[in-house]
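Here is a quick tour for anyone meeting this structure for the first time. Have a look around, then read on.

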Amino acid sequence: MTTTSRWRALTHHHLFWPVAVLVVLLLVNVPFTPDFFSIRMTDGHLYGSLVSIVLFGSPLILVAVGMTLVIATGGIDLSVGAVVAITGALTCSYISDQADQNALSAVFLAMGVGLVAAVVCGLWNGFLVARMGIQPIIATLIIMVAGRGVAQLITDGKIITINSEPYKLIGGGYWLTLPFSIFVVAAVVAVTVALTRRTALGLLVESVGGNAEASRLVGIRSLRIKIMVYVFCALCAGIAGLMISSNTSAADGNNAGLWIELDAILAVVIGGTSLLGGRFSIGGTVIGALVIQTLTTTIYTIGVPTQTNLVFKAAVVIIVCLLQSPKFRAKVFGAKFGSKSGATGGGTSPATPAKTATTPEAAPKMEVS
Amino acid sequence: MLNRRNFLTAAVGVVAATGLAACAKEDDSSSSSDSGSGGGKKLVLGFSQVGSESGWRSANTDSVKEAAKEAGYTLKFSDAQQKQENQISAIRSYITQGVDVIAFSPVVVTGWDAVLKEAKAKKIPVVLTDRSVETSDESLFVTLVGSDFTDEGRRAAKILEKVLEKAGHKGPVKIAQLEGTTGAAPAIERAKGFKEVMDADHADDWKIVVSQTGDFTRAGGKQVMAAFLQSNPDIDVLFAHNDDMGIGAIQAIEAAGKKPGKDILIVTVDGVKDGFIAMSEGKINAIVECNPLLGPQLMEVVQKVKDGETVERWIKTEESDFMQDQAKAALPTRKY
């Protein structure tokens with residue numbers, strides 16, 4: 001019976017389904033790209049499909065991590081794509097004005113300017129949501145729509161190309177043979193996990209998401225928590241904006257980070273964070289973002305016709321979301337899974353009812369939290 | 001409490017909406033008033049632009065404004081911000097103001113019949129620029145001034161022949177194609193034109209091994225090309241539907257340790273400045289120009305239409321093709 005219980009503990013782990021989907025998606029690529037998992041050295045850095053997935057997925061991971069905390073408070077932030085565009089536009093236009101684009105001080109100052117703008121956007125969102133009591137979807141819609149206009153105003157409607165080696169490092173460069181962006185993402189994720197899981201902050205965020213009014217009554221400054229998560233989310237989007245513009249050494253006010261907010265929300269959902277707020281999983285979000293990036297890469301490599309790209313993507317996302325639903329799993333896989341694990345342990349019949357009996361119980365519980 | 005919250009939500013919504021509408025409103029171009037002589041009534045041209053989505057588009061806008069100034073016309077310019085309703089309301093306001101000629105770059109191909117009929121009833125001639133429309137009544141617009149995207153695709157295939165010859169490439173050619181935004185006219189027609197020539201002259205030796213959309217952006221081009229290089233490491237040629245995707249792809253090719261322009265030959269369409277810079281560095285082999293500077297041609301047509309002369313249904317933009325050896329000479333003349 002130990003194998004059964006281990007198997008059940010594994011399938012019931014909240015990261016099991018996202019990881020399973022990620023592994024399946026990666027394996028799908030193998031017949032189309034035989035050396036999909038191979039990684040080799042090219043020009044002093046590692047090169048391979050897995051490296052590009054992490055490299056191109058880094059901005060999405062960052063945005064999604066920020067989005068996770070906002071969603072955990074029961075909010076949503078639609079403005080991240082515009083913040084990506086504004087940060088990239090400001091930073092690149094500052095660097096392009098410099099006589100020496102390779103000067104470190106100028107690059108740091110430019111990045112500072114961009115990130116300050118991102119924080120201002122976050123403060124504005126937080127102010128509208130927490131102080132003015134406006135629905136998050138409406139409050140953040142303002143910057144989502146207007147922000148892209150601001151970005152185009154900064155770039156004068158043109159694509160600003162820069163030629164700065166130090167700036168190229170953050171989103172397109174390599175350090176210790178790995179893409180530098182991996183280190184940035186690792187640092188942000190580590191800090192976020194440490195702050196939310198090693199201190200009470202994560203609990204406070206979940207409490208605000210569960211019931212903001214009740215949290216306030218027990219003495220949690222829920223307004224401050226809310227403003228903080230919007231600022232954090234905008235800051236993550238700002239760093240992602242630096243990465244995206246650095247990756248192509250250009251700021252494109254119109255297209256940088258376009259629709260990244262939707263991909264980020266999707267990543268959060270795939271990672272198992274409830275859109276109702278009240279509980280979140282940073283690890284799940286990172287896996288979710290990697291699933292989306294792998295899916296995008298898969299579409300490019302397996303030769304899905306361009307016209308059907310989005311249908312293919314939608315089909316996969318629907319399957320992933322259904323797999324995440326305990327009710328769906330109980331209906332479709334319940335019996336199958338039960339018999340499979342039951343067979344290793346002994347009889348088929350006792351495992352099946354046990355499985356179906358526990359799942360309906362578990363399902364409503366998850367909805368409440 | 002709840003009421004107050006709802007009220008605030010509504011108030012902000014209204015403010016935001018008015019703000020956005022204000023942005024979409026036309027602004028009388030400053031270029032109009034300060035030129036021309038005092039005597040004689042100036043020709044008034046109402047121009048509705050798609051938006052400012054790319055460097056190509058802003059060069060297009062600048063060209064129209066400058067040409068109108070040089071011709072001494074009063075230009076009423078409006079930016080539709082990629083929305084058809086903004087464009088329709090701009091055209092309506094031009095009709096009410098009674099401008100002499102209306103010109104516009106349609107955001108989408110369909111849905112223009114009603115507003116164009118209103119213009120026709122007021123006897124205001126309509127000239128399309130850059131993109132065409134589908135209408136039931138051909139008399140609703142006089143002419144289209146713009147590029148022939150299908151021909152650009154054909155020209156790209158023709159210039160690729162020269163590029164291959166120059167590079168001394170022998171044997172079968174494996175081509176990767178970076179398409180524009182799915183469903184956009186330039187993407188569909190450039191692919192069509194390229195395939196036409198390929199099927200006719202190179203059915204045996206050329207083959208498009210991979211083709212995906214890069215959404216006309218650098219980031220898209222880079223990401224898609226990185227994936228292409230993994231699944232098809234033996235690509236010989238890249239055909240990108242615009243320079244920006246080509247520039248993104250160049251970065252991906254370099255990251256893979258290959259030499260763009262040598263290991264992989266690159267042909268792109270558009271001819272923006274950054275494209276020419278890449279070509280002068282030897283990273284792009286040939287560029288098929290898609291000229292946004294159609295202002296002077298437009299003004300010529302507008303004058304003819306105003307004078308009642310008959311014009312062709314489609315006035316094609318003057319465009320040329322550039323090989324690598326011409327890049328350095330042409331670079332200083334690129335304005336956009």
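Is the crossing of helix 13 of chain A and helix 14 of chain A left-handed or right-handed? In this predicted model, the crossing of those two helices is right-handed.

## A helix pair in chain A

Let's stay with that pair for a moment. Helix 13 of chain A covers residues 282-301 and helix 14 of chain A covers residues 309-324. They pack at an angle of about 145°, and their axes are 11 Å apart.

Who meets whom? From helix 13 of chain A come Val291(A), Leu295(A) and Ile299(A). On the side of helix 14 of chain A, the residues they meet are Asn309(A), Phe312(A), Lys313(A), Val316(A) and Val320(A). Sorted by class, this contact has six nonpolar residues, one polar and one charged.

## Chain A as a whole

Stepping back, chain A has 17 helices and six strands. It runs to 369 residues, and 49% of them count as buried.

Taking the contacts in chain A with a separation of 6 or more, 76% are between residues 24 or more positions apart.

## Where the two chains touch

Now for chain B. In the contact between the chains, 37 residues of chain B go with 35 residues of chain A. On the chain B side, the elements that give two or more residues are helix 1 (2-24), helix 2 (55-71), strand 8 (206-213), helix 7 (218-231) and helix 8 (243-255).

Which of these elements of chain B gives the most? That is helix 7 of chain B, with 10 residues. By class, the side of chain B that touches chain A splits into 13 nonpolar, 17 polar and seven charged residues.

## Two domains in chain B

Chain B is divided into two domains. Domain 1 takes in residues 30-147 plus 292-317, while domain 2 spans 149-290. Between the C-alpha centres of these two domains of chain B there are 33 Å.

The contact between them uses four residues from domain 1 of chain B and six residues from domain 2 of chain B. The domain 1 side of that contact has one nonpolar, two polar and one charged residues.

Next, some strands in chain B. Strand 2 (residues 44-49) of chain B is largely enclosed by the rest of the structure, because five of its six residues are buried.

Strand 2 of chain B runs parallel to strand 3 (residues 74-79) of chain B, and six bridges join the two. Here Gly46(B) has Lys76(B) as its bridge partner. Strand 2 of chain B also pairs in the parallel sense with strand 4 (residues 101-104) of chain B, over four bridges.

## Strand 6 of chain B, covered on both faces

Which residues of strand 6 (residues 143-146) of chain B are buried on each side? On one side they are Thr143(B) and Val145(B), and on the other they are Leu144(B) and Gly146(B). Both faces of this strand are covered.

Strand 6 of chain B has parallel neighbours too. Three bridges link it to strand 5 (residues 126-129) of chain B, where Leu128(B) stands opposite Leu144(B). Another pairing, with strand 12 (residues 314-316) of chain B, is parallel and has three bridges. Within that pairing, Gly146(B) has Lys316(B) as its bridge partner.

Key
Residues numbered from 1 in each chain as written. Chains lettered and ligands numbered in written order. Predicted model: local features only at pLDDT ≥ 70, side-chain atom pairs only at ≥ 80, totals over all residues. Contact = placed C-beta atoms within 7 Å. Nonpolar A, V, L, I, M, F, W, Y, C, P; charged D, E, K, R; others polar. Domains from an automatic or database assignment. Buried ≥ 20, exposed ≤ 12 C-beta atoms within 10 Å, placed from the backbone. Pairing = 2+ DSSP bridges. Axes fitted to C-alpha atoms, helices over the stretch in contact; angles between N-to-C directions. Left-handed = near helix turned anticlockwise from the far one by under 90°.
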